[in-house]
Amino acid sequence: MALLQISEPGMSAAPHQHKLAIGIDLGTTNSLVATVRSGMSTVLQDQHGHALLPSIVHYGEAQQVIVGHEAKVKQNADPVNTIASVKRLMGRSLKDIVDKAHIPYRFVSPPSDDASQGMVLLDTRAGLKSPVEISAEILKTLKNRAQAALGGELTGAVITVPAYFDDAQRQATKDAARLAGLHVLRLLNEPTAAAVAYGLDNAAEGVYVIYDLGGGTFDVSILHLSKGIFEVLATNGDSALGGDDFDHRIYCWILDQIRDANPSKQPLSEKDTRLLLTKARQAKEWLTENEEAQITCKLSSAYTVDVTLTAAAFVELTENLVRKTLSPMRKAMRDASLDLTDIKGVVLVGGATRMPHVRQAVQDFFQQAPLTNLDPDKVVAIGAAIQANVLAGNRSGDDLLLLDVTPLSLGLETMGGLVEKVIPRNSTLPVARAQDFTTFKDGQTAMSIHVLQGERDLVSACRSLARFELRGIPPMAAGAARIRVTFQVDADGLLSVSAREETKGVEASISVKPSYGLNEDAIIDMLKSSFSEAESDKKARALAEAKVDAMGIISAIHIALEQDGHLLNAVEKEAISKHIKALETALAGEQSRAIHDATAALNTATEAFAAKRMDESVSRALAGKNIDEVNL
Amino acid sequence: MAISLTPAAANRVEKFLSNRGKGIGLRLGVKTTGCSGMAYTLEFVDEMQAEDMSFESHGVKVIVDPKSLVYIDGTELDFTKEGLNEGFKFNNPNVADECGCGESFTV
């Protein structure tokens with residue numbers, strides 16, 4: 001039975017008193033809000049009966065802010081002050097935004113001392129607006145809708161984000177919620193939310209793939225569901241691929257068509273761009289159930305566009321977009337070490353999965369028909385609502401444990417600018433891993449620990465998260481100290497790293513907080529390059545390792561020569577120093593093979609010297625001692 | 001019959017009372033609501049009502065109004081930990097059926 005707490009006199013809560021908690025799917029194209037009422041999850045509608053709120057914010061004259069359908073109407077007439085797909089700009093700097101020519105907003109780079117360093121600003125009628133502020137307007141609208149429908153203050157909200165959102169993007173989403181006056185119970189990965197919605201409502205167990213092709217992002221997640229426990233086995237995706245791109249293909253196609261008919265080749269105005277994009281989206285939606293779409297509209301130049309797009313032509317136009325979703329799926333399957341036969345079901349999420357050729361591609365890839373029994377637009381919001389309900393304490397929470405994974409590997413810098421991975425990608429959270437490291441130089445008393453995130457082998461190609469120093473290591477020979485470095489990531493994805501020298505017990509640690517302005521590449525880029533650059537990484541790693549080895553040996557020999565140089569005659573000394581020179585020359589180059597060979601040669605050349613040193617130290621230890629005193 | 005506390009529960013109640021700084025005891029009761037008929041209430045007591053009955057258990061004064069007593073007579077109140085949650089639990093011999101979540105019951 002439920003556990004009770006003591007209340008103040010007369011204040012006992014009525015049983016089943018419901019804390020109002022909502023789930024929000026803050027989408028690129030559309031946003032939704034859902035809640036759990038009387039054990040049933042429902043998507044909340046506005047007074048006109050619309051469940052979807054277009055994620056569009058219009059800054060009108062006289063300071064008013066319009067969100068949703070009414071803003072969408074303004075899109076064609078006033079594109080500069082009507083911001084759509086703001087999610088793509090969250091936590092992004094100006095240089096991250098590609099394809100600026102096709103986006104009709106006036107982008108402004110923020111002053112560098114701005115708190116949200118790097119995040120792009122938009123110049124609108126209402127002044128400079130950050131993507132965080134614009135998203136907050138959308139969240140505010142959803143919050144008001146929920147409060148009107150539920151009749152009360154909200155305890156909190158679960159907001160979904162793409163699995164690929166990095167720290168900066170997640171933090172930006174949280175900030176937007178705070179601006180909107182929402183208490184964030186948790187950020188939940190969208191595919192995980194979809195699994196929550198399907199897993200609970202249908203009580204299905206097994207390995208599932210969540211294929212989420214939304215307005216602006218593509219995510220694929222592989223989840224293991226059993227007895228109400230959701231474990232994310234792998235995630236992958238493309239943070240710049242979605243339904244918008246399909247619209248864009250149609251838009252470009254229309255441009256091609258009218259270029260043939262209209263040779264004036266004048267650049268389109270912002271207004272016309274919007275108009276054609278809207279028409280393109282309508283055509284795409286129409287083609288889901290129809291064989292051809294008629295696109296007619298009048299441009300500002302009075303030129304009338306009148307073209308017909310057939311379903312077959314549309315499939316051909318967008319075929320490579322669909323194909324682009326296959327490679328993340330393959331990678332996720334490989335990460336999870338699964339075969340196609342392990343997959344029990346495929347869940348489709350996102351409005352773009354309504355397109356018949358997308359469904360067909362998914363079906364062909366997984367050799368089974370995808371699940372579609374929940375509305376692909378609502379799945380994520382419903383899952384978020386279920387999770388919010390549990391987190392707000394409306395359920396005892398005993399049957400819903402959510403496990404998430406680290407999107408990128410975490411590691412630290414070792415000698416030679418290499419990254420040693422401590423927590424591999426896709427480890428389930430929370431996770432703690434310890435690894436032992438040692439000193440590189442004799443008598444080394446401090447160690448600098450550089451924490452990195454990424455898949456590449458070289459420090460320069462990964463993203464730096466933090467740096468700290470461990471001091472007070474007792475002086476020892478190189479390699480004798482044992483320093484245990486522990487990486488810990490809690491359930492909210494917060495990383496802490498601690499280092500401890502085992503003999504003396506000195507410790508140092510650091511917490512890595514999500515922040516803006518790390519100037520990192522998008523996670524997706526890092527992932528992509530880790531695959532495409534694997535070969536050059538391997539070479540660079542070999543070279544760096546060979547250099548570290550060689551420098552270690554040279555320094556050891558210098559020390560040995562200083563201590564026991566008298567054991568060698570001039571000829572022997574000359575031979576060794578010749579080999580050292582050769583190795584130093586090789587070190588200056590970039591050939592790991594050459595360094596390797598020179599190191600081996602130096603090793604051989606010093607073998608006799610090493611043997612002499614050994615004899616010397618043994619006889620030194622034995623000198624003047626009685627045979628009985630020598631403890632063998 | 002009477003109402004009693006387990007030592008763990010008594011210990012906890014004493015701590016809560018001293019943290020709160022005032023109060024003479026703990027009130028157990030039922031009210032008619034919830035999905036299965038009755039629901040338990042658990043409150044601090046600052047003032048006793050004329051008709052209240054009181055019991056002493058491990059040094060803690062337990063107060064019950066007579067209407068509630070018929071439903072919970074013989075109850076032992078325990079304090080337990082279940083996973084991450086901890087709280088009080090009614091071991092009520094009168095219960096015939098509980099709702100799924102255990103917040104309400106019928107006799």
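Which residue does Gln488(A) stand opposite in strand 26 of chain A? Before selecting anything, note that this is a predicted model, in which local features need pLDDT of at least 70, side-chain atom pairs count only at pLDDT 80 or more, and totals for chains, interfaces and linings use all residues. Residues are numbered from 1 along each chain as its sequence is written, while chains are lettered from A and ligands numbered from 1 in the order in which they are written.

Select strand 25 of chain A, residues 483-489, where strands (E, at least two residues) and helices (H or I, at least four) are DSSP runs numbered from the N terminus. Gln488(A) in this strand stands opposite Ser496(A) of strand 26, and the two strands pair in the antiparallel sense over 7 bridges, pairing being counted if DSSP finds at least two bridges between strands.

Next, select helix 13 of chain A, residues 570-588, in which Ile576(A), His579(A), Ile580(A), Leu583(A) and Ala586(A) are buried, that is, 20 or more other C-beta atoms (placed from the backbone) lie within 10 Å of their own, whereas exposed means 12 or fewer and partly exposed is in between. Seen down the helix axis, the buried residues fall within an arc of 120°, taken from the directions from the axis to the C-beta atoms, so they line one face of the helix. On the other side, the exposed residues include Glu574(A) and Lys581(A).

Technical notes: Expected span 1.5 Å × (residues − 1).
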